[in-house]
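Student: I'd like a close look at just one part of this protein, and then the bits around it. Please go slowly, as I'm new to this.

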Amino acid sequence: MISAQGLRAGYGGEDVLKEISFEVEAGEFVGILGPNAFGKSTLVKTLTGVLSRSGGEAKLGGFDPGETSPKELARVAAVVPQSTAIPFPFTGEEVVSMGRFAHLGRFSPPSQVDRDAVKDAMERTDTVKLANRLITQVSGGERQRLIMARALAQQAPLLLLDEATAAMDVHRKIDTFDLLRELNETGTTVVAVMHDLNLAALYCKRLIMMRAGELLADGATAEVFTPAKLEEVYDTPMEVFTHATTGRPHAVFLPRRREK
């Protein structure tokens with residue numbers, strides 16, 4: 001579903017991504033972790049063609065994002081971006097209906113299939129009550145859920161999420177990741193940029209860890225979610241233990257020791 005080989009990209013002639021190489025197979029659930037401003041969002045933008053690469057190769061569902069139309073890419077991948085600001089007063093239902101863009105002809109009205117896809121996406125994200133609310137008048141968390149519903153309405157085989165739950169309350173985050181796991185179990189490939197380490201460890205089967213535009217770790221969660229690797233990535237003391245209830249690895253930040 002995703003292939004990056006020696007990928008480089010950045011801004012103003014300066015590379016942020018430095019020779020990134022990895023692949024994601026169909027059906028995986030992958031979390032991308034790392035400190036702020038070290039290339040995670042840049043990676044998503046480059047993979048989806050929003051940002052031009054300065055070197056290397058990238059493929060999304062077999063397509064080169066730099067040489068493929070937005071409509072073709074939208075049939076392959078649905079994206080929930082970090083910034084969900086929409087300045088125009090569309091209703092919630094109109095926003096979600098935008099997810100059907102890839103399936104409509106230029107002048108074709110929505111079919112019953114399109115309407116059913118929008119309805120299902122809104123029901124699964126608990127946004128039906130926001131159908132007639134203006135996107136400019138909902139909370140940040142509600143807006144994120146509507147953008148998530150828009151992505152689901154695309155019915156693409158790959159979901160790319162960039163901090164898709166940052167503005168949500170805890171129970172909404174859990175609801176969203178439960179939904180992502182359900183979608184993954186029925187065949188959707190999920191790749192999520194995340195800041196919440198323990199949420200990533202709880203749901204993701206594989207983790208990619210980045211720092212300073214480089215890939216520092218890539219493997220099964222149980223193998224790479226270790227104190228040594230987390231300390232290397234975040235430059236912060238960590239303790240990792242197996243959670244008694246979930247059976248998943250769980251990280252705790254530790255205070256830095258002060259020299260006496």
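Tutor: Asp235 is partly exposed, with a relative accessible area of 45% (partly exposed lies between buried, under 20%, and exposed, over 50%, using a 1.4 Å probe and protein chains only). Keep in mind that this is a predicted model, where local features need pLDDT of at least 70, side-chain atom pairs need 80 or more, and totals for chains, interfaces and linings use all residues. Residues are numbered from 1 along each chain as its sequence is written, and side-chain values use heavy atoms, leaving out hydrogens and water.

Now look at the backbone of Asp235: its phi is positive, about 55 degrees, even though the residue isn't a glycine. You'll find Asp235 in the loop between α9 (227-234) and β10 (238-242); helices (H or I, at least four residues) and strands (E, at least two) are DSSP runs, counted from the N terminus.

The largest pocket holds about 590 Å³ of space, the volume filled by probe spheres set on the points. α5 (140-154) is one of the elements that supply at least two residues of its lining, alongside α1 (40-47), α2 (70-76) and β5 (77-80). That lining has 23 residues, and nearest the centre are Thr48, Val50, Val79, Pro81 and Arg150.

The second largest pocket comes to about 200 Å³. Its lining counts 14 residues, with Glu93, Ser97, Arg115, Val118 and Lys119 closest to the centre. Two or more of these residues come from each of α3 (92-97) and α4 (112-124), and α4 contributes the most, with 7.

Finally, zoom out. The whole protein has 9 helices and 11 strands, and its C-alpha trace spans about 70 × 40 × 35 Å along the principal axes. Of its 260 residues, 46% are buried. Taking contacts (heavy atoms within 4.5 Å) between residues at least 6 apart in sequence, 62% join residues at least 24 apart.

Notes. On a 1 Å grid over the protein atoms alone, a cavity is a set of points where a 1.4 Å probe fits but cannot get out, and a pocket is an open set with protein on both sides within 12 Å along at least five of seven lines; lining residues have an atom within 4 Å of a point.
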